[in-house]
Amino acid sequence: MFSILVVTVFLASCLAMPIKDPYSYSSAVGQGLGTPFASYGEGRITAVRVWETNNNNYYYYYYYNSNAYISGFQLRYGSTWSPVFGGEGGQKQEMELFNDEAIVEVSGKYNPADYICYLVLTTNMGRTLSAGQPSQVSFNFYPANMGNELRLLSGRFNGAGITSIGAHWGLVYIEGAGNSTLESTGNSTSS
């Protein structure tokens with residue numbers, strides 16, 4: 001009888017243990033002025049576009065007070081692109097993800113007085129997309145839980161660029177084998 005009571009208490013205590021939250025948030029960095037944004041979409045992120053503006057005309061200005069910054073970005077969820085957050089000014093960098101590839105790190109640099117200066121997105125396959133100029137204060141975002149991936153980016157932007165950015169991490173529940181770059185670009189042979 002005593003052993004049944006001990007087992008029952010043990011099982012009840014196991015059920016009462018908190019379940020680790022499968023989601024995490026990397027707090028936003030940057031000035032944080034302007035219009036708030038949060039990317040959204042269904043499924044896994046399958047591609048990303050980042051626009052960078054580089055207004056460095058003089059070596060002195062560039063070296064001591066860089067005026068390069070991230071002007072905007074866009075994420076593709078499955079085959080659907082999110083709106084552009086910020087603007088499409090400047091040079092565009094784009095990366096399509098492979099099957100079962102996910103963004104697992106967001107890093108870069110920001111100027112506390114104005115914009116996100118440099119943005120690097122790294123995947124679980126070791127590929128990176130980088131945009132902007134690596135100057136100012138560093139940041140590095142990654143998921144708190146093993147197996148999580150980037151689900152969305154949030155922050156603020158103004159008429160010229162991204163003023164703050166944070167990352168949200170979580171699990172993606174997908175039926176089938178994952179995303180397919182071929183299917184999302186229309187080159188698939190399936191019907």
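Colleague: What is the strand order in the open sheet that contains β8?

Modeller: The order is β10-β9-β8-β11, four strands with antiparallel pairing. The model is predicted, with pLDDT of at least 70 required for local features and 80 or more for side-chain atom pairs, whereas totals for chains, interfaces and linings use all residues. Residues are numbered from 1 along each chain as its sequence is written, and side-chain values use heavy atoms, without hydrogens and water.

Colleague: How do you know that β8 and β11 are paired?

Modeller: Pairing requires that DSSP finds at least two bridges between two strands. Ser 107, for example, has Asn 140 in β11 as its bridge partner. Likewise, five bridges join β9 (residues 116-123) to β10, with Val 120 partnered by Ser 130.

Colleague: What makes a segment a strand here?

Modeller: Strands are DSSP runs of E with at least two residues, while helices are runs of H or I with at least four; both are numbered from the N terminus. The protein chain has three helices and 13 strands.

Colleague: What lies between β9 and β10 in their hairpin?

Modeller: Four residues lie between them, and Gly 126 in that turn has a positive phi of about 85 degrees.

Colleague: Which strands form the other open sheet, the one containing β12?

Modeller: Its order is β1-β13-β12-β2, again with antiparallel pairing. The edge strands are β1 (24-30) and β2 (35-38), each of which pairs on one side only. The twist averages 15 degrees from one strand to the next, taken between lines fitted to C-alpha atoms (for helices, over the stretch in contact), with angles running from 0 to 180 degrees between N-to-C directions. β1 is joined to β13 by five bridges, and Ser 24 has Trp 169 as its partner in β13.

Colleague: Why is Arg 76 called buried?

Modeller: Buried means under 20% relative accessible area, exposed over 50%, and partly exposed in between, with a 1.4 Å probe and protein chains only. Arg 76 has 4% relative accessibility and therefore counts as buried. The residue lies in strand β4 (residues 68-77). Buried residues make up 41% of the 191 residues in the protein chain.

Colleague: What makes the approach of Arg 76 to Gly 78 a polar contact?

Modeller: A polar contact is a pair of N or O atoms within 3.5 Å; within protein, one must be able to donate a hydrogen and the other to accept it, and residues adjacent in sequence count only if both atoms are side-chain atoms. A polar atom of the Arg 76 side chain lies 3.3 Å from the backbone oxygen of Gly 78, so the distance falls within the limit.

Colleague: Why is the largest group of nonpolar residues called a core?

Modeller: The name applies to a set of buried Ala, Val, Leu, Ile, Met, Phe, Trp, Tyr and Cys residues joined through side-chain atoms within 4.5 Å. The largest such core has 29 residues, of which Val 50, Val 106, Phe 139, Leu 153 and Ile 165 touch the most other members. At least two residues of this core come from each of β3 (45-54), β4, β8, β9, β10, β11, β12 (149-157) and β13 (162-170).
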